[in-house]
Structure formats: structure tokens, C-alpha cells
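Me: I have a structure open that I have not looked at before. Can you walk me through parts of it?

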Amino acid sequence: MSLRSGLWSWPDAPPPRESEVIEGTSITVAWNDIYYAFNDGLADTNATSNAVVNYMAKSGFWHYNADSELVKDTDFGTYEVVEEDPLTVKYTINEGVKWTDGSAVDAADLLLVWAANTTHVSDGEGTIDEETGELTGQTGTFWNTGALEDYALDLVSETPEIGDDGRSLTFTYDSFYVDWELAFSGPGISAAGTVMLAYPDDYAEGDEQKAKDDFVKAVQDKDLAWLQPVSEAYNQDYKFSSGTPDSPLQLLSNGPYTITEINATDGYTTLTANPDYTWGPSPKYESITVRVIPDMQAQITALENGEISIASGQPTADIAALLGAGVEGVEYSGAPEGTYEHIDLQVGNGGPFDPATYGGDEEKALKVRQAFLKIIPRQEILEKLIQPLQPDAELRNSQVFLPGTSGAEAAAAVNGYPEMTEPDVEGAKALLAEAGVPNPTVRFLFSNTNERRAQEFLLIQPYAEEAGFDLVDASREDWGSALSAATTEYDAALFGWQSTSTAVGSSAANYQTGGLNNYYGWSNPEIDDLFDQLAGEADPAAQEDLQVQAEEIIGQQAWSVPIFQFPGITAWSAETEGVVPGFLSPTYFWNFWDWKPVSAAE
């Protein structure tokens, strides 16, 4: 099977870069949610609030620029396809790249990524707390990454080969994988640090190489008994609900910054420039503080008062008008973001949309789901809440494709969403009558600190009540953790999916059985099979066809409905230079190394 990109290779690594950090400089920026985990690749830590902070403390093989283009970070390392059939990819980390404990970033760290994201180095399972969504315990070796059989790195069934004096790792795929280049961007967690956390009595400072060697041997030998504590440390020891951790092993950085303070009480995280960092563009500020301000209006006020230098979030019409009229000392940019608003329905909690509620009657539960989605006033939400910010905004009519693409048009022709523009109360009543389910109660989960979502709820509520639904406000501040855990406490959820990559198969995690982002018990063998086929398909036309087929079934299942693409606003102090909003996560953080005081540019 041929690859569109052919065989790739890169020249020798460029020389180390000189530091451009300006002594004594600092900047405070805003984000809307709390930072709580250094390992953001877990099922219970996979949040943008973690990703944007960690992005500044970690390096890798690539990143996305503001135009969603993949940029290869050859200062860090290189990767190349060394064989097309079977697909064989070699990753090599440059000499001189190291963790903040002084140890080299090497193949052991890459091997940890593979081990944690396959099913081939696992024999256990985890226990999830229904209230918090957190992993509370495990049996055997278990990595809480949501890895699925025969998907992504799981297609590398043989232990990858280490080479180049321990700096390279070569993956041989069992079959072609369409998003192989995006399978991972680099080692975010130190293998030695994780082993030393797992076995604190067996290793001391200076034993990093021994810890790596022991880890590599255990993976190669499939010594799952030895790896069990390592997987527990990987799952648990990088979470910081109470603030800055005691052990420096929990925050080992291989990037431009190190995380030096996590204040959960006051809601901020501070990063300090890594003095040994030379394998990428140098940051300019000596420290960056990310302050939690959930409300966009409060962010703008803090920006006007000089308390922060960058604000970004979900704007209201008042905020857009304020910035449009001009605010002294503040610049801004407005553009659609890589996030779309949608409503998802729970089918595995014994609630109104779950077949188990009706003795396993799939058809009855489907009619109740269809009835509920019929009463969502999508066009009214768009006109009243979004078009005042972005007059040309349109409804999003695809779950899988970005607006404006040929795939989005093809999906909209078969998924039924364009017919769900205006609320159809009579149609909803008729479906409930057919199902024989009068007055079902629907507990509606959303953020109680998000004004726009509160307004959406108020727009939906009268149509729901008219159709016969008892719509209950189940909003809460910890909606994110409740989404994946408190399944018995909500029946429908309103939030946004933020795109993190351009991966063709990225939607699989949302809709496949057991997918990392499938919190609702959704399961359909045809959809599972279509995404499995997609993972091995190299032809773009065939890829689009498989995605359209999957979306048609998603629409038929009435699991979810998209509403709109986020209109985003990023505003910043005129005293700060280099701020460029990005479409994909990590949004405006994508080029943090370019931020600098205007005074430094003069």
C-alpha cells in the first residue's frame, strides 16, 4: 500500500539554539478551567485545561501552527518511514535533548508511550469512581489511556526496536494506519521518573539510567508483574488536585518551561523558563502564569485592569461590541475556533434514553431520543447567541467533518441534521406517544459558570416542556469530571468538542464502542467496523466515503446533534507582542515562545 507522503527523512539536527529569555519578565494569561494533571493522555485527565499548560513544558516531534498545518520540530528529533509494507516508522531523538533532572530523553521514554497506548502490555482493569470519573483502583497492569484493540499504536503488536545508542525507536505496524504520523507527538512523561515513583525504595537520585534499563527489559520481557506499579504511577502520580506536588519527579519537563507552582485554591499555575532548554525556539518571558477565569467578561475586565495580558474564551454580544468599539490598550482578533457545540444523550445510565429502561426495547428508546433532539431550537440558538458575534455563522451539520469541506456537505445529505433546524414540537409529541413514554424527565448537564450555555438551556426548556419533557437543570461547576463519571446524575450533556489534530480517524474516540471520549454507552457494530476500516484506508476519497457512512448511522441512532462552530475572540494587551490565535488546541498558546513585551522589541 503506497503512502501519499512517500519516504521521508531529514538532515542532521540543527545546532542548539541560544536562550532569548528576558531576565525578570513575566506574563499572566487567562484560561477558563483549572489545571490538574501533568499526564493529560489519560481517560480522566484528557482536558484542554491540562493540555495548554503542558504544551509549554513538553517538547515533541511536531506541533500545529495557527493555520492547522503540521510543523515538524527537527530541533527535537526526526521521524521517517523506513519501509512502506509493512508500514515501519523510525523515531530518533536528537542528542542533547534532556529532562530537567539532567537525564537524556531517549527510546525508553518513547517505549513508555507505546506501552501505555496499546493493549499488548496489559493484563488488568481499572475501577472508575462514578462521581468524579477518576481511576480509583486497578488490578494488574493497566494503563488508563482508553487504548482500543487494533487501533492506532495497538497496531504495533511487536515490541518496537531500540537503536542508535538508545535514541531511536522503530515501530512496525501490523497493517497500514491512516493517522500514523499523528499517533503521538513525543514523550510527555519520563520513563525513569515514572519507574522511580513506582519503586521509591529501589532507586535514588542518579539512578535514572538503571530505572530506564529496568523498564525497557520489563517491557521487552512482558514482565507485567513488575510493570503493574509502573502503570499505577503513570495513572495516578501526575494528578495535582491539592496543588504543587512534593516530588520533582512528578513535573519533569523536557520543554521550554517547567511547572513551578500549582495553586488549586486560588486557581493559577506558574511556569518558569527551563535554563537548559536549547532544542527549539526560545521563549522570551522568564515566567508565565495561567490564571483560571471561567467567565469571558471577567477576563476582559482583568485585561482592562492590567491583571492579565491575554484573554480568550466564548464571547457574548456585549463583549464583541465592547472590543469592536475599541478598548484602550487592548487588541483583539475574532475568528471561528476548532470547537463545536453539541448535545449528547446518555444511553447507558438507566435514564429515558437507555433501552434498559424499557426492558431492552431499542426501538422505544430510539423514539424517545429522536423526540428530544426534535425540540432543540438550533436556528434560534444560532441567531440569538452566535450571529450577533459572527453574522455569517451557520449551523454545523456534521459531527465528523469541519464546516465548508466536501465531506461536511456529503454527511449533511444523509445524517438528518439539516432537517432539525427548527423545533418540531408536534413531531416530538407524536414520537413520545408512539413510544408510550409520557413526560420523561431529562437531567441536562452543562457548566453553571458558562453564561452562554445557561442561555441555551433557557431557549431549549420551553420547547421541551411543550413536547412533554420535564427538563431539569443539572448544571454544575465540575461538569467536565461529571461528564465521564456521574452517569446516573445526567441524561443529556451540552458542551463543546475541541479539535486537537487533523487526524482522519479522530472521531473514532467519540463513537466507537469503548472509545476514550465515548462517555455514554454508545455502541454500534457497523460504526465500529467503519472506523476500523478507516484506520487502514490510504485513499482520500475512500476515507471520506467511510466517514460519511459512519455519520449516517450516528444520525440514525439519534445519539447527538451538533449546533454551531464556536466564534472565538482572543484579546491581549497592546504591551504584549506575538499573540496569534490558533484554530486547534492549544489555541492561542501554540506559539507562546513568540510572546514578548513590546518594550523588548523597541
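Predicted model: local features only at pLDDT ≥ 70, side-chain atom pairs only at ≥ 80, totals over all residues.

Me: Start with the core. Which residues touch the most other members of the largest nonpolar core?

Reply: Ile343, Phe372 and Trp595 do, in a core of 167 residues. Helix H2, residues 107–116, gives the most to this core, with 9 residues.

Me: What is phenylalanine 372 in contact with, leaving aside its neighbours within four places in sequence?

Reply: Its contacts are Ile343, Leu345, Phe353, Val442, Phe444, Phe469, Leu471 and Ala492. Another core, of 16 residues, lies apart from the largest one, and its members include Met296, Leu303, Ala320 and Ala571.

Me: Why would such residues be buried together?

Reply: Nonpolar side chains tend to be buried together in soluble globular proteins.

Me: Ala320 came up. Which residues of helix H7 are buried?

Reply: H7 covers residues 317–325, and its buried residues are Ile319, Ala320 and Leu323. Seen down the axis of H7, they fall within an arc of 100°, so they line one face of the helix. Asp318 and Ala325 are exposed on the other side of H7.

Me: And what do the buried ones pack against?

Reply: The buried residues of H7 pack against helix H6 (296–304), strand S14 (330–345) and strand S18 (560–573).

Me: What follows H7?

Reply: Glycine 326, with a positive phi near 100°.

Me: Helix pairs next. How do H8 and H11 cross?

Reply: H8 is residues 362–374 and H11 is residues 425–435; their axes come within 8 Å and cross at roughly 165°. The two helices are therefore roughly antiparallel to each other, and their crossing is left-handed.

Me: Which residues meet there?

Reply: From H8, Lys364, Lys367, Val368, Gln370, Ala371 and Lys374 meet Gly427, Ala428, Leu431, Leu432, Glu434 and Ala435 of H11.

Me: What about H15 and H16, how do their axes cross?

Reply: The axes of H15 (residues 525–535) and H16 (residues 540–557) come within 9 Å, crossing at roughly 165°. That makes H15 roughly antiparallel to H16. The crossing is left-handed. Among the residues that meet are Ile527, Leu530 and Phe531 in H15, with Leu546, Ala550 and Ile553 among those in H16.

Me: Changing topic to loops. Is aspartate 154 buried or exposed?

Reply: Aspartate 154 is buried, with a relative accessible area of 2%. Its place is in the loop between strand S7 (135–139) and strand S8 (161–163).

Me: How far is aspartate 154 from asparagine 117?

Reply: The two are 37 residues apart in sequence and 6.8 Å apart in space, C-alpha to C-alpha. Asn117 is also one of the residues in contact with aspartate 154, and so are Thr118, His120 and Asp174.

Me: What is the phi of aspartate 164 and of aspartate 165?

Reply: Phi is near 50° for aspartate 164, a positive value in a residue other than glycine. For aspartate 165 phi is near 55°, also positive.

Me: Are they buried or exposed?

Reply: Aspartate 164 is partly exposed, at a relative accessible area of 34%. Aspartate 165 is exposed, at 85%.

Me: Last one. Where are there cis peptide bonds?

Reply: One runs from aspartate 85 to proline 86, with omega near 5°. Proline 86 is in the loop between strand S4 (77–84) and strand S5 (87–93). Another runs from serine 585 to proline 586, with omega near 20°. Proline 586 is in the loop between strand S19 (576–577) and strand S20 (596–597).

Notes. Residues numbered from 1 in each chain as written. Heavy atoms only, no water. Buried < 20%, exposed > 50% of the residue type's maximum accessible area, 1.4 Å probe, protein only. Helix = DSSP H or I, 4+ residues; strand = E, 2+ residues; numbered from the N terminus. Arc of directions from axis to C-beta. Contact = heavy atoms within 4.5 Å. Core = buried A, V, L, I, M, F, W, Y, C linked by side-chain atoms within 4.5 Å. Axes fitted to C-alpha atoms, helices over the stretch in contact; angles between N-to-C directions. Parallel < 35°, antiparallel > 145°, perpendicular 65-115°, else oblique. Left-handed = near helix turned anticlockwise from the far one by under 90°.
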